[in-house]
Amino acid sequence: MLVQVGKRFLSEQHEIDEAFASGMKELFFKSPVFKDCHDDFIRDLIAQANRKEYAPNRYILEEGSRGDSMFVIFRGSVEVTSGSRYICKLGDGSIVGEGALLSIDNRRTATIRSLKRCDVAIIFRNTFHSILEKYPWEKRKFQREMQAKLVELGKMVDVHREVNLEQQAAQCDALKRVPFFADEDMHDFVAELTMNASSHWYRQGHVIIQEGDTRCDNMYVLLRGAVEVSTCGEFLGRLENDLFGEIAVLDLIERRTANVIAATQCHCMLLARRLVIPMLAKYPVARMRLLEHARARLVALNAALGAEVQLRSLDGDEKGRPGVALGFGGAIPIEDAQVFAASPILRNAKQELLHRLSEGMSTKTFNDGATIIQDGDSIQPERDLVYWIVRGQVEVWKFDDLVCLYGDGEVFGEFAVFGEELTQLATVKSKGKVELRAIKASALQEVLESYDDPDLMRLWHAQTKKRRAQLERRIRLRETKSIRKTKDLDFMFMKLPGMDKDGQSVPRLASLTPAVVLDMCGDKSAGSERGTRVGNIQKS
């Protein structure tokens with residue numbers, strides 16, 4: 001805070017020259033950027049400014065460099081050039097570099113060279129924003145100016161969201177320290193990317209991306225910390241100061257290809273696909289570079305697993321088959337590999353078992369509302385199928401009640417293998433168009449008996465037990481409702497006129513208790529007597 005004591009202006013840090021303080025105040029009020037600001041805000045800016053003198057022929061700003069400060073030419077003369085072309089000459093009272101305070105894009109757009117000795121006041125961005133926090137009106141003013149400038153330049157920005165200039169500028173600097181975004185030809189893309197990104201922290205051990213997940217809406221830029229990448233149970237390595245998740249965001253594959261787990265506390269910048277894709281259309285250089293980066297990642301992923309794939313190949317061939325997924329032994333089609341990776345039960349199963357399952361599977365497609373399994377149908381393992389959902393959703397119904405929904409990677413129909421019932425326990429219907437991979441219950445039972453995998457069987461039985469208990473609760477709830485069902489009563493409220501002791505007309509009220517009791521007992525004679533009583537009341 002700048003305080004005037006007598007004829008001197010003092011700050012918490014140092015004493016400020018009176019002529020300098022008054023001159024700076026006049027300069028700020030003449031500036032179109034600061035002319036409407038509060039006096040106390042201007043005084044704080046002056047108090048926090050750093051003074052510096054430049055000898056003649058010294059570069060104050062250089063075009064293309066990154067800046068985090070604004071310069072006020074208190075006394076002196078400077079030359080402005082851009083692209084080696086002379087622009088103009090500036091003298092006392094000129095303000096240059098203010099874009100570094102108000103814009104996320106902190107690249108200098110011109111070169112400033114001193115022509116004679118210059119007395120300059122420097123205001124740094126972090127100082128400017130810390131002062132803004134004490135003045136809400138000025139803060140909103142600069143945020144509106146920032147949003148208007150971004151919209152005018154055609155940048156993608158949510159005008160309804162409050163712009164935190166200091167935070168976004170810091171994120172822009174952090175993003176440029178990532179090697180992928182470090183080149184100058186990525187500068188505009190990075191600046192616009194920062195405006196629409198969100199910052200997230202993840203604790204150690206948090207699963208950021210799950211292998212096989214079909215939710216591919218976000219990609220991540222790792223600013224701090226380290227993550228570990230693994231796929232199909234194989235550890236691939238650690239990432240630091242890098243990006244991940246771009247393969248699925250670019251629609252190169254329909255599911256996540258690996259697990260990404262935070263090895264330390266991580267600070268990531270989250271980028272949504274709905275914003276990244278339109279921005280990539282505006283910046284072809286960034287789009288081609290990101291596509292090349294994703295392609296290289298896919299090649300490296302397959303190369304890292306390729307050696308083990310050849311060793312574990314079931315048919316003895318040294319080369320993988322066309323159209324197979326390299327993470328599951330080189331013999332499983334990509335479609336089945338994706339289903340197995342998304343299935344909580346089969347994700348860690350033996351590859352030989354998965355290969356046998358894949359060989360016995362067929363594809364089934366159902367339209368919206370189609371009945372896949374009917375409640376009460378007899379169970380015949382040689383005829384009934386067990387289904388895995390490739391894409392879409394199915395509904396599970398018991399009686400007329402919806403029990404639950406199953407999505408991608410989940411299995412149903414397993415009661416034909418693990419259940420003790422003779423009939424199906426629920427109805428399964430498709431919700432929208434659904435694509436399934438199916439195998440006969442008898443074939444599944446034979447495969448499971450052929451391979452001793454206690455962990456897999458434990459998962460199967462636990463899921464079957466859980467689903468059976470869920471259906472049993474639904475049945476008990478249905479029975480409870482039927483016991484507690486209320487009986488409808490048919491009676492009529494009547495307000496008959498009467499006279500009080502003063503001769504005033506008032507409603508005549510009669511208790512309904514006898515009528516209700518008679519109706520519940522079903523006494524016809526009492527009912528006729530009640531009708532006679534009401535008739536007598538009406539006559540009176």
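Visitor: What links Asp242, Glu246 and Arg297?

Guide: A network of salt bridges links Asp242, Glu246 and Arg297. Keep in mind that this is a predicted model.

Visitor: How many salt bridges are there in the whole structure?

Guide: A search finds 16.

Visitor: What makes aspartate 119 and arginine 51 a salt bridge?

Guide: Their closest N and O atoms are 2.4 Å apart. The cut-off is 4 Å, so the pair counts. It links distant parts of the chain: aspartate 119 sits in strand S11, arginine 51 in strand S4, 68 residues apart.

Visitor: Why is aspartate 119 called buried?

Guide: Its relative accessible area is 9%. Buried means under 20%, so aspartate 119 qualifies.

Visitor: And why is arginine 51 called partly exposed?

Guide: Arginine 51 has 43% relative accessibility. That falls between 20% and 50%, so the label is partly exposed.

Visitor: What makes glutamate 79 and arginine 113 a salt bridge?

Guide: The closest N and O atoms are 2.8 Å apart, and the limit is 4 Å. Glutamate 79 lies in strand S7 and arginine 113 in strand S10, so the pair ties together parts 34 residues apart in sequence. Both glutamate 79 and arginine 113 are buried.

Visitor: Arginine 467 and glutamate 410 meet in a salt bridge too. Where do they lie in the chain?

Guide: Arginine 467 is in helix H15. Glutamate 410 is in the loop between S23 and strand S24, 57 residues apart from its partner.

Visitor: Are these two residues buried or partly exposed?

Guide: One of each. Arginine 467 has a relative accessible area of 9%, under 20%, so it is buried. Glutamate 410 has 29%, between 20% and 50%, so it is partly exposed.

Visitor: How do you know that the buried residues of helix H14 lie on the same side?

Guide: The buried residues are Ala441, Leu444, Val447 and Leu448. They cover an arc of only 125° around the axis, which puts them on the same side of H14.

Visitor: What makes S14 and S17 count as paired strands?

Guide: They share two bridges, in the antiparallel sense. At least two are needed, so they pair. Valine 221 stands opposite leucine 243 in S17. S14 also pairs with strand S19 in the antiparallel sense, over six bridges. There, leucine 222 has cysteine 268 as its bridge partner.

Visitor: Which element gives the most to the lining of the largest cavity?

Guide: H15, with three residues. That cavity has a volume of about 150 Å³. Its lining has 10 nonpolar, three polar and two charged residues.

Definitions and conventions: Residues numbered from 1 in each chain as written. Predicted model: local features only at pLDDT ≥ 70, side-chain atom pairs only at ≥ 80, totals over all residues. Heavy atoms only, no water. Buried < 20%, exposed > 50% of the residue type's maximum accessible area, 1.4 Å probe, protein only. Helix = DSSP H or I, 4+ residues; strand = E, 2+ residues; numbered from the N terminus. Arc of directions from axis to C-beta. 1 Å grid on protein atoms, 1.4 Å probe; cavity = no way out; pocket = protein on both sides within 12 Å on 5 of 7 lines; lining within 4 Å. Points joined across faces, edges and corners; volume = space filled by probe spheres on them. Nonpolar A, V, L, I, M, F, W, Y, C, P; charged D, E, K, R; others polar. Salt bridge = Lys/Arg side-chain N within 4 Å of Asp/Glu carboxyl O.
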